[in-house]
Amino acid sequence: MDPAPSANGRRVGAAVIDFLIVLVAFVLWGIAFGDSHAGSGNASVNVTGFPAVAFFVLALLYFAITETATGGTPGKWMLGVEVVRVDGSRVGFGRSLGRNVLRVVDWLPVGYIVGLISMVVTDDSQRIGDLAAKTTVRRRAARR
């Protein structure tokens, strides 16, 4: 399956939108459960220990649940792309969870470099998580 060339740009834009959604959630989580200095002129949030692990799990579930239920995250839906299995069928929870756990590898060493390189060198523009889960991101087909 060869994704449309414009799918990669949309995918990167969707990742930025989803990152911002998760970032806002992290700040709110940190204010609620972490050590926040937002009111002291030093706008910082420190989330460690159990709250950090809980947030990571919730962020992971954000991706896995939305991709399983709707084929994409809010960012993907806004920009018209979806996650599917390489055969074009719907992605299940296990595959979505697996592809998203491997986001950690895609971020190495910094700034999603491994994920971007993987997308450039694979035929179906797949990042490491996609390769492991046998999924891909493509432009969403028009619904009738």
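**Salt bridges and nonpolar cores**

At 5% relative accessibility, Glu82 counts as buried in this predicted model. Its partner is Arg138, and the two side chains meet in a salt bridge (2.9 Å, N to O). Glu82 sits in strand β3 (residues 81-85) and Arg138 in strand β4 (residues 135-139), so the pair ties together parts that are 56 residues apart in sequence. Arg138, at 22% relative accessibility, counts as partly exposed.

Searching the whole structure turns up six salt bridges. One of them joins Arg99 to Glu67, with the closest N and O atoms 2.8 Å apart. Here helix α4 (residues 93-101) supplies Arg99 and helix α2 supplies Glu67, so this pair links parts that are 32 residues apart in sequence. Arg99 is buried, with a relative accessible area of 1%, and Glu67 is buried with a relative accessible area of 1% too. Both belong to a network of salt bridges that also takes in Arg11, Lys76 and Asp130.

Asp106 and Arg127 make another salt bridge (2.4 Å, N to O). Asp106 lies in helix α5 (residues 103-106), while Arg127 is in the loop between α6 (113-121) and α7 (128-133), so parts 21 residues apart in sequence get tied together. Asp106 and Arg127 are both buried.

Now for the nonpolar side. The largest nonpolar core has eight residues: Val22, Trp29, Val47, Ala54, Phe55, Ala59, Tyr62 and Phe63. Helices α1 (5-33) and α2 (49-70) are the elements that give two or more residues to this core, and α2 provides the largest share, five residues. A second, separate core has six residues, among them Ala14, Val81, Val91 and Val137.

Key. Residues are numbered from 1 along each chain as its sequence is written. This is a predicted model: local features need pLDDT of at least 70, side-chain atom pairs count only at pLDDT 80 or more; totals for chains, interfaces and linings use all residues. Side-chain values use heavy atoms; hydrogens and water are left out. A nonpolar core is a set of buried Ala, Val, Leu, Ile, Met, Phe, Trp, Tyr and Cys residues joined through side-chain atoms within 4.5 Å. Buried means under 20% relative accessible area, exposed over 50%, partly exposed in between (1.4 Å probe, protein chains only). Helices (H or I, at least four residues) and strands (E, at least two) are DSSP runs, numbered from the N terminus. A salt bridge is a side-chain nitrogen of Lys or Arg within 4 Å of a carboxyl oxygen of Asp or Glu.
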